[in-house]
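Student: I have a model open and would like to learn how to read it. Could we go through the chain, the interface and the sheets in turn?

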Amino acid sequence: MNLEKLFQLSIYSLTAISGAMLAFGEETPYPCGLTVFLAVLAFFFNERFRLIRIPLWASNALGLAAAGMAVREFLEDRPDAHLLAGAHFLVYLTWIVLFQDKQTRQYWWFFALGLLQVAVGAVMTLSGWYGLFLVMYLILALWTMAVFHLHQRALAFGDSGRARAAAPADARRTLVEDSVQQDIPGHWVTWRFVLGVFFISIAGLSLGLAMFLVVPRLWLADSENALASDIRGNRSTTGFSTTVTLGHLGQILESNDKVFELRLFDDDSDAPVRLDEFLTRTGQLEPLFRGSVLDTYEGARWSARRPEGRTLRMRMRGPERDVVRQEYAIDPMGSRILFAMRPIRYGAVTIPNDVIDIDSETYVLSTHAEYQERVHYRINTQKLPPPPGPDEVADRNGRIPGRFRDLRPPDRRWELPYLQYPKGLERLRSVAIDWVAPSRLIGDERFSNVRRRALTIESRLRDSGEFSYTLDMAVEDPDRDPIEDFLFNRKKGHCEYYASALAMMLRAVDIPSRLVTGFKGADYSSENSCYEVRQRHAHAWVEAWIDDGDDHDEWLPLDATPGDRETSVRQFGSNGDFWRNAKNSLSSFWSTYVVSMSYNRQKESLYDPLAGSMSGGFESFTQFLQDVLTEAKEFQDDLIPRGRPTAIALMLMAGFVVIVLVAVQITRRGGNWLRARRLSGRGPSPWSLRWRGWLSRWAAPILGRRVVVEFYEQFLGLLRLRGLRPAGHQTPREFARQVEGALAGLLGRASLATLPHDVTDSFYRVRFGGDALSSAEIEQLGERIRLLEDALRQRRE
Amino acid sequence: MSVRGSDTGAAGGSRWRRAAWTAGLAVAWVAIGLGVIRLFYDAPPPHTYPLLASLLLVPVLVLVLWSARDVLLNLPGNVIPYRRSRRYRAHIHREAYIYVLILSVIGLGAFFGRSNLLLLVFGLLAGPWVLGGQVTLLVLNGVRVTRSLPEFAAAGQRFSIRLRLRNRKPLLSAWMVTAVDTVTNGREELHPAVLFARVPPRGEREAQYVVRPGQRGRHRLGPLRIACAFPLGLVERSFEIGEVQELIVCPRIGRLTAQWHADLSRDTQGSERALAQIGPSAEHFHRLREYRGGDTPRAIHWRTTARRNELMVREYQHHQDPEILLVLDLWQPERPTPADLERVELAVSFAATICTEHTQGAGGAAVRLTVSGRELLQLGGDRAPPSLRDLLEHLAVAEAGAALGTADALREAPLPGSGRTRRVLVTTRIDRQSGAWGDPGAVRVVVAEPETLRAYVAWDQADCAVTP
């Protein structure tokens with residue numbers, strides 16, 4: 001294919017792909033996706049047929065219009081308005097450049113705008129597909145740059161033979177003409193070039209990936225504690241943070257990384273307790289490990305803004321009956337947060353001089369200081385009551401009202417945050433009120449009205465079939481609040497959306513509620529004899545304050561997420577077919593080592609193992625040196641008794657020094673000498689020629705019958721070093737004529753013009769005529785060959 | 001014409017590479033020693049380790065001393081000659097700065113925005129950038145370029161300079177390597193270039209650029225700059241081969257007209273006789289001409305006669321005294337005008353044409369040359385006549401001036417060897433009143449004026465600067 005056409009095809013494809021990637025990141029085809037169509041249009045009608053061209057003044061006017069549109073988007077009241085305005089501005093500029101007259105500058109604009117679009121797209125999504133597209137885009141980008149380089153060079157040297165002068169045309173001026181050396185003229189893109197660029201691209205991207213993995217994640221934002229904030233930021237949905245942005249949980253749910261281990265014991269007897277047994281006794285269907293508690297919802301983000309409650313210090317007591325002890329082992333997260341299942345009473349950590357703090361308002365557990373290494377802690381439950389009597393009625397979740405009242409009721413002064421309701425969710429409020437109409441309430445009529453309303457909303461979201469579970473983050477209406485977009489447009493989402501919708505609907509019907517993040521579910525590891533909680537168990541649910549007006553008041557855990565979530569979590573953890581496992585592994589890798597990469601993870605997976613291997617190597621080396629020194633000391637004692645070296649000691653040392661020096665020099669100099677001799681064009685030395693002749697004669701019976709004529713071999717050797725070799729089809733006479741032509745000047749000056757012919761004649765006499773040269777002839781030929789050698793050397797010098 | 005080379009710099013190997021080689025060799029020795037000991041002894045004999053330690057320590061000591069030597073030799077003011085390492089230069093294009101700017105924006109955005117994905121984009125852009133730079137260096141590494149000059153070069157005539165690129169790398173091709181030469185002649189500086197699209201591993205390719213020098217004189221070729229920006233084209237790395245070669249470009253050479261030959265013949269009494277004849281007494285074939293009465297029919301050239309449809313005969317010529325004493329009077333005023341300079345060039349060019357035609361013509365005339373310009377120069381004199389090569393070479397570098405007057409120059413010229421010797425004075429003096437002429441005597445005087453020379457010499461229009 002023509003180089004210019006190939007380059008144009010590459011650069012327009014690159015531009016189209018960058019637009020498509022931005023559209024993918026933005027999760028809406030307009031306006032970024034339009035770039036694909038416009039790129040195709042511009043390729044044909046601007047670049048190939050030259051039918052559409054935007055003049056400069058029109059480009060400027062369109063540029064101003066684009067800036068105006070970007071400013072308008074920038075001022076919109078949307079959470080991501082600033083980012084989108086920037087992204088769209090890039091897209092508008094790309095469209096303008098697509099239809100401009102193309103010079104080199106415009107092509108570089110394509111590269112710059114494309115790269116920026118890809119970068120902005122990366123901010124907008126966390127999808128693993130984007131990573132794949134990114135790699136493909138960059139391979140194409142590197143290919144395009146290499147072809148562009150060829151194209152530029154071809155243009156610069158294109159008119160080979162075009163004369164250039166130091167000044168305007170004048171016959172007194174010197175003219176020069178550049179040229180191009182190509183094996184096949186005009187054939188720029190060869191398969192070697194394609195393979196070479198491909199390998200360079202792969203190697204470059206691998207290096208880039210290595211750089212990505214190695215660069216320490218010491219983020220510049222939140223300078224008060226970059227390390228901790230890093231972890232909080234990345235684990236925002238797993239109970240470590242006081243803020244959660246809707247939609248960021250999806251990648252965590254695809255990670256199989258272990259977060260903590262759990263073992264349950266009877267506190268009195270220390271006998272292990274099974275998790276299902278514990279759940280049955282506490283009236284729960286699934287284990288819920290509480291982490292953070294969030295109360296304020298604003299702009300698609302949950303945060304904890306209420307004043308902190310009084311901190312209670314938990315200390316262990318002696319063994320108690322009917323108490324289950326939860327023993328956890330959690331890896332450092334750069335956080336103080338700890339997890340536990342309700343009902344909680346007290347606990348302790350294994351960090352010396354530390355205790356577990358408990359927030360008197362939310363009962364969020366934390367250590368006094370951030371833990372930097374694996375922490376073991378124990379949580380004791382409340383005293384477990386006897387099995388429920390027949391008159392105690394369980395709700396649809398199997399929970400008996402008021403059975404556990406471990407969490408403190410909301411302080412009346414601070415109840416307001418739990419009822420805080422953002423503006424703009426009016427439709428949600430009216431729907432919630434409609435759902436809890438008296439005729440639609442579910443649940444045992446013995447339950448209070450408040451409890452039944454809460455259970456009705458939870459059940460409607462979870463069990464009606466109207467809403468489904470997905471990890472797909474597609475936004476249908478970006479102008480709408482994500483909760484309403486979920487409830488009225490998409491009707492599908494993951495636990496964050498269900499929990500947020502439930503919490504807001506509860507508040508809409510005046511039931512105080514709060515969002516709880518943590519983990520739901522655990523896998524039993526028979527290998528470690530413990531329960532393991534992994535990232536994919538991350539979950540969000542709601543605690544609603546059910547004020548029954550009697551002893552049954554409680555923070556009731558409500559989970560509106562459909563049962564499909566459990567299926568998804570199980571599928572991700574199970575061993576499916578090859579492709580599913582591969583997909584899961586890739587997703588896990590993407591989530592763990594790309595999206596959620598943190599300093600601690602780098603330390604754990606990269607820095608520490610590297611440091612370990614290096615220190616191990618260093619230790620081995622120092623051990624070796626120590627052995628050497630010990631031996632040396634003994635040797636010294638043998639050879640130098642009482643500080644007087646013996647003669648043999650001195651001789652040995654001198655001998656070693658000489659041997660090593662000579663050996664190193666011979667090895668180094670020998671190579672250099674041979675190389676220099678080969679490159680300098682100096683002929684082989686007489687002894688080497690003699691040696692070669694002897695070797696050839698000796699090897700002739702083995703390697704084949706080849707009669708060696710020494711002077712002719714010497715002659716050929718000299719010419720070979722000048723780059724002249726007889727071709728396979730040439731007779732010695734033909735070769736002699738070629739040599740006479742190639743070295744005419746040199747042979748003439750040295751009065752050796754007839755030497756090739758004479759040597760060949762003599763060779764024919766000896767080789768084919770069976771003749772023997774007289775000693776005078778041999779001497780004369782040798783002398784002339786030496787003259788030739790001298791002439792060649794002088795020319796070189 | 002004559003080629004002289006002078007090596008003003010050498011591309012040597014990196015001292016660090018040499019040091020690494022030595023260290024590697026030392027370690028290899030130790031490893032071999034250890035291996036041998038392990039091979040033959042289950043338990044190493046006593047004092048094995050001290051021996052190995054010596055093996056290890058000596059090269060280290062050598063390395064230290066060697067490095068110190070290199071540091072000392074690199075100090076400013078060092079006068080001890082030694083081979084310097086090849087130094088690569090980087091030319092960063094404007095697009096590269098933009099690339100780095102975008103890279104920085106993305107990197108900062110990643111760290112401020114706490115975005116791992118943005119950091120991935122940063123890494124994946126930075127990786128090829130770093131590797132691209134290394135690939136460019138690798139491509140240039142092991143590349144050697146040599147230049148071959150032509151045997152002869154004259155002003156106004158095109159000739160080729162051959163560049164041979166040898167790629168000594170065992171595995172990697174040399175892609176898109178540009179060899180940019182420097183051609184200077186004191187008044188101009190030009191940079192002809194040759195692009196080698198691909199030179200395979202351990203291969204070599206030859207290419208050439210064309211030069212048409214506008215002026216005679218010494219031309220310097222070099223240094224050669226070998227550059228490469230492959231694969232990304234953002235940063236160009238280059239190194240210089242400091243070898244400078246000198247090429248002497250001869251004066252412009254034209255063709256003498258028939259009138260020149262006729263005038264010169266008149267000057268020489270009875271020196272020339274031309275007739276159409278054939279036989280052993282004929283010396284040199286002169287030309288083909290129409291048949292005239294009295295010509296022998298045996299001289300008819302039948303093939304040409306048939307082609308032209310008229311009788312044509314071969315004419316042979318005897319040369320009796322071919323020697324020419326040429327005096328070139330290159331005078332110019334202290335403040336020469338362009339016309340003065342032009343006159344000097346015309347005179348030199350005319351003299352070169354006379355030398356060429358008369359020495360290479362059918363008669364093989366000997367030309368002895370006396371140049372009176374900035375200094376007096378004599379070629380020939382009492383010795384054997386100079387070769388054409390010598391004549392042209394000296395004319396190429398002759399400079400105008402006022403070393404002697406015309407009369408003095410004629411006096412300094414060698415005396416005629418015989419009565420048939422022709423004396424020619426080519427002068428740039430046009431002012432007879434100045435008295436600079438002196439008494440030229442029996443000399444054919446040619447003033448280097450365009451009008452005068454137009455009658456005697458013709459220059460090829462394509463190659464000619466100024467046609468007289």
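Tutor: Chain A has 24 helices and 23 strands, where helices (H or I, at least four residues) and strands (E, at least two) are DSSP runs numbered from the N terminus. This is a predicted model, in which local features need pLDDT of at least 70 and side-chain atom pairs count only at pLDDT 80 or more, while totals for chains, interfaces and linings use all residues. Residues are numbered from 1 along each chain as its sequence is written, chains are lettered from A and ligands numbered from 1 in the order in which they are written, and side-chain values use heavy atoms, with hydrogens and water left out.

Student: What share of the residues in chain A is buried?

Tutor: Buried means under 20% relative accessible area, exposed over 50%, and partly exposed in between (1.4 Å probe, protein chains only). Of the 797 residues in chain A, 48% are buried. Contact means heavy atoms within 4.5 Å. Among contacts in chain A between residues at least 6 apart in sequence, 71% join residues at least 24 apart.

Student: Where is T144(A) found, and which residues is T144(A) in contact with?

Tutor: T144(A) belongs to helix α6 (residues 128–156) of chain A. T144(A) is buried, with a relative accessible area of 0%. Leaving aside neighbours within four places in sequence, T144(A) is in contact with F7(A), S10(A), I11(A), L14(A) and F111(A). Its side chain also reaches the backbone oxygen of L140(A) at 2.6 Å.

Student: How is the interface of two chains described?

Tutor: The size of an interface is often given as the accessible area lost when the parts come together. Here buried area is the accessible area (1.4 Å probe) that two parts lose on being put together, summed over both. Chain B and chain A bury about 7700 Å² between them, with 71% of it on carbon and sulfur atoms. R114(B), N116(B) and L117(B) supply 10% of the area that chain B buries against chain A, more than any other three residues. In terms of contact, 82 residues of chain B meet 85 residues of chain A.

Student: How many salt bridges does the rule find across the interface of chain B and chain A?

Tutor: A salt bridge is a side-chain nitrogen of Lys or Arg within 4 Å of a carboxyl oxygen of Asp or Glu. The rule finds 3 across the interface of chain B and chain A. One of them joins E177(A) to R158(B), with the closest N and O atoms 2.6 Å apart. Helix α4 (residues 116–140) of chain B gives the largest share of the side of chain B that touches chain A, 15 residues.

Student: How should I read strand pairing?

Tutor: Strands of a sheet pair through backbone hydrogen bonds, either parallel or antiparallel. The rule used is that two strands pair if DSSP finds at least two bridges between them. Strand β2 (residues 175–177) of chain A and strand β9 (residues 204–212) of chain B run antiparallel, joined by 3 bridges. L175(A) has R212(B) as its bridge partner in β9(B).

Conventions. A polar contact is a pair of N or O atoms within 3.5 Å; within protein, one must be able to donate a hydrogen and the other to accept it, and residues adjacent in sequence count only if both atoms are side-chain atoms.
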